[in-house]
Amino acid sequence: MKDKSVLPIEEQLNRFLQPKCLIPGGLGLWEDYFRKICTAWGEIDGEIRPQHIIFSADNGCNMEGYVGYNYEVTQKQSRNMLLGRSSATQFCNFNNIPYEVVDVGIASDDGIGVDCKVAKGTKNILNHPAMTEDEFNSAFQSGYERVQYYVEQGVNLFSFGEMGLGNTTTSACVLSALTGADPTETVGPGSWPNKPDLMKRKIDFVRAVLDKHKASIVSDSEAERVRKIVAHVGGFDIAAILGAMLACVEFKKPFVIDGFITSVAAACAVHMNTRIKDYALPSHNSREKGTELALAEVGITQDIVPIQAQMSMGEGTGAILMVQMLKTTQHMFVHVGTFADLMKL
């Protein structure tokens, strides 16, 4: 059901919801997100047609053994996701949410899933920029084009996930560089045990990376500063998600943020285009330490994050759960009866 009225969408929504058999404000955040989704679309539509995209890439800091576990886990888990055997893909399959795995930099000879491989992992950010400018542009464009492709297929809501050993470290580097926050505010355990000695090692690593690149990640242009930050201390997954989120704004399609890594990508995106705030929907509050700070950059406070489940699984697990709830509530708001019909019973 689509409202073709020429009235502003906010007025369309007020008129549409007023007669419904609902207590005003009784569905709290779900009404807020129904309104936000319809406003992003510019129309009232009860059908969410979702697509989940998982961007996979390896990180040089992990491949050289500075942080995290065996980098081969990235390619093995990416193959596992293609088989539908990961937690995120099980969520997708159960809830009939289409998904794809996009290889933007897995350290494998073959492309895994949708082959957009920029390189076999980034360089070690402790000693080198993570990627060249051309490599950044390639990863960014891959994310943009995956969204464009699905928009042309009729998708109207996106969710994003990622896979890549070491990407909580690169995300902490990006967030600290972007906001000026100390690494103690952005570094969490990731896949490591939350032990003081391991956390100190990770914090010291991020601090050393920021010191190494501080002179190279400045610019009078905020958009260019973001590009430099991601290219120097980020990862191919972050660059691709950044491109995908900015594409969502261009094509007027809302998207769901997952956990820490996608929150950092959204924080970067809003520094390049403030309209990101009109399209970004939170899903869960990851237990990774920097998530709250990253979401705050997008104007999202913890009281409007629906899922508080202490998750940190990645791959888009929280985002997929949010998509299913949004599908449910979107259908309800459009198809629920009116008070007038109720009173005729």
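**Entry 1: salt bridges**

I began with a network of salt bridges that links Asp45, Glu47 and Arg49. For my count, a salt bridge is a side-chain nitrogen of Lys or Arg within 4 Å of a carboxyl oxygen of Asp or Glu. A note on the source before I go on: this is a predicted model, where local features need pLDDT of at least 70, side-chain atom pairs count only at pLDDT 80 or more, and totals for chains, interfaces and linings use all residues. Residues are numbered from 1 along each chain as its sequence is written, and side-chain values use heavy atoms, with hydrogens and water left out.

I then looked up the links of the network one by one. Arg49 pairs with Asp45, with the closest N and O atoms 3.7 Å apart. Arg49 also forms a salt bridge with Glu47, and there the closest N and O atoms are 3.5 Å apart.

How exposed or buried are these partners? I used relative accessible area: buried is under 20%, exposed is over 50%, and partly exposed is in between (1.4 Å probe, protein chains only). Asp45 counts as buried because its relative accessibility is 3%. Arg49, at 28%, is partly exposed, and Glu47 is partly exposed at 45%.

I also checked Lys214, whose side chain meets that of Asp211 in a salt bridge of 3.1 Å, N to O. Lys214 has a relative accessible area of 53%, so I logged Lys214 as exposed. Asp211 is partly exposed at 47%. My search of the whole structure gave 13 salt bridges.

**Entry 2: positive phi**

Next I looked for positive phi in residues other than glycine, and noted Asn96, with phi near 55 degrees. Asn96 sits in the loop between α5 (87–94) and β2 (99–105). My helices are DSSP runs of H or I with at least four residues, my strands are runs of E with at least two, and both are numbered from the N terminus. Asn96 counts as exposed because its relative accessibility is 63%.

Lys252 went on the page too: this residue is not a glycine, yet its phi is positive, about 60 degrees. I found Lys252 in the loop between α11 (236–250) and β5 (255–256). With a relative accessible area of 43%, Lys252 is partly exposed.

**Entry 3: Ser138**

Last, I turned to Ser138, which I placed in helix α6 (residues 133–152). Ser138 is at 33% relative accessibility and therefore counts as partly exposed.
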